[in-house]
Each structure stands twice: as structure tokens, then as C-alpha cells.
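Me: Could you walk me through this structure, one question at a time?
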Amino acid sequence: MNKEEISNLFDQFNHLTALIIGDVMIDAYYWGKVDRISPEAPVPVVHVQRKENRLGGAANVALNVKSLGAKAIMCSVVGDGSKGDVFRKTCKESGFSTEGIIDSVDRMTTVKTRVIAAGHHIVRIDDEITSPLSNTDERNLLDCIQQILQRQKIDVIIFEDYNKGVLTPKVISTVLGWAEERNIPTAVDPKKDHFFLYQKCSLFKPNLKELKEGLLVEFDKADTVSLKNAMTSLTEKLNCKTAMVTLSELGVMTHHNGAFHHEPAHEREINDVSGAGDTVISVAALALAAGVSPDNYAKLANLAGGLVCEKVGVVPIDKQRLQEEANKHL
């Protein structure tokens, strides 16, 4: 891609709308300092100086989509209690509509609480329910998605699966069918439980651990032959157009139309890998919707994933910084 093509792509992002379906959550942060070890146990005592709630999970994908200039619509289910209220409030503060958010009396809102001191991640506490949606919640979610598809032009649908129960087999198959009817590309960030339910998706993006768990295979990440064999098996079983596997410090590998492309990682000062996968799928999905080739959207997504790892905590991509890096490296 040359600079003009990159500029046109980033301008095109401003005219796209992505529908993000999956497990939303609150990323809660306790920022503090450590001056001593607890007398009760050999653990640090964190003196909390600041607290913060951020959008996490599928909602962080929405943040990344919005940061790139596109419109993001979230569809998910949260609890009807105080944490659900916090999630809705945080959505509105971040400029998101909650038209696609369903309240449930049967579920709690997932909250991941991270304690960070002096730039170090001390501990994470997860408060969640991972059982599948009830029949009522599933029906309400599908009705909501259908209404959005009927009244808005959607350029890409992103499935963000964190194994928290929102993406049930029925939700997955029904929405994939609607997308096929409307010729809307679909991008999937999977977990192993529903690995092979995303039949005929446009883009399937597991990380290496998820690929091996999904296919029940084991090999070293430097074993390129085994990786390519696994990706071939994956695309055949899914009948998907493109598979893109993230390889951490080794970059990403794509498989499309029988051809492989490896994009090495760029050297970065890595501070926190949290949320990098959300950024990768967001960038790749929007570029896919814009008609960019798999090789090129893999390059751009690879750049973006590395950039957010330079920050502490889950943060969305900075569009201007990404464009500058793209001009430099692509």
C-alpha cells in the first residue's frame, strides 16, 4: 500500500458502520502504589489512589472501531443491576448508543477488576457468569439484532466471543444467515467452545493458543509447517474465506485462497498485551469492509496490535498514530 492508498482507506473508515455482537464487560481499574508487604500474607499492600471504569470485551472492540472513525453498534446482554447501570453510563460517556444492549434478570454484568501499581499488573479479579443465555434473553437479543439490521446499513459484523455465554449456537447461526442474505462480511474473534460454528465467515481470527485448542493439536510456535497445516485444516472445516492467526512476538499469519502470508511483528516496548486482540480484529474487520486484501489488512492489524501493547491497561488504537506507522512501514 502506498501513502495515497493508506490515506484513502483511513478516510473510508469514517463512512463505515460495524455491528459488534458478543460478550461486553466492564474493565475496572484500581491504580495505586506499593510501599510495604502485608503482615497477613506475603503479598503487596496497594494503596489505591485512583479508580476507573472502562468498556471491555466486545465493548472494547466498539471503542477501537469508534477510534478509527467508524460507527460502532454493540449488541449484547448485561445484568439489570447496578453494574449494568454502570456499563450503560460508561457507554453514554463514551458516545455510544445502548440500543443493542439487553437487560437480563438472570445474568450479572461481567466485571474484570485489575489492580495496577507502579506500572505493574498486581492481580485481576473476575466477577462473571459464563452460562449460555436463557431462551428469553436469546430471543430478545436476536429480535434486537434483526431490528438493527432492518433499519441501518451495516458494513461488517464482528463476533467477539469471550466464552461468557452471549454468543450461543443459535445466535451465531442465525446472525451468520442474516449476514449471508444481506451480503455483509463477517469477522470472528473466537474462543474454543464454539470454534467450528462460524461456518462460511469472511474472516476468522484466533490466536495460536486458540487455534491449537480448537483443532486439538500441539506444536511449537516456530514450527511453520505445522502452523500452515493447522490453518489449512481450519479453513477447510470452517469453509471460511480467510483465516488470520496472531502469533504474539512472531506477528500474524493469513491463509486465503490456498496462499499463506506471514507478517512479522515490529519491534515494540511491550507493557501490556491486554486488549490487543480486540484492536487486531477491529482494524482487520473495517479494512475487510473497505475491500482491502487479506495480506494488507493483516499488515495494518499487526501494526495496530503492537501499538496498543505499548500502553498499560486496555486502550483503543490511536487512529493518527496508526496512520503514521502505516505510512512508515507499509
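Reply: Happy to! Two strands pair if DSSP finds at least two bridges between them; strands (E, at least two residues) and helices (H or I, at least four) are DSSP runs, numbered from the N terminus. This is a predicted model, where local features need pLDDT of at least 70, side-chain atom pairs count only at pLDDT 80 or more, and totals for chains, interfaces and linings use all residues. Residues are numbered from 1 along each chain as its sequence is written, and side-chain values use heavy atoms, leaving out hydrogens and water.

Me: In which sense do β2 and β6 pair, parallel or antiparallel?
Reply: Strand β2 covers residues 24-37 and β6 covers residues 111-117. Across this pair, Asp27 stands opposite Lys112, and Gly32 has Ala117 as its bridge partner.

Me: How many bridges pair β2 with β3?
Reply: A hairpin of six residues joins β2 to β3, and Lys33 stands opposite His47 in β3. The two strands pair in the antiparallel sense, and the number of bridges is 13.

Me: Which strands are at the edges of the open sheet?
Reply: The sheet has four strands with mixed pairing, in the order β3-β2-β6-β7. An edge strand pairs on one side only, and that describes β3 (44-57) and β7 (120-127).

Me: Why is α9 described as largely enclosed?
Reply: Buried means under 20% relative accessible area, exposed over 50%, and partly exposed in between (1.4 Å probe, protein chains only). The buried residues of α9 include Pro294, Tyr297 and Val308. The rest of the structure largely encloses α9 because its buried residues number 12 of the 15.
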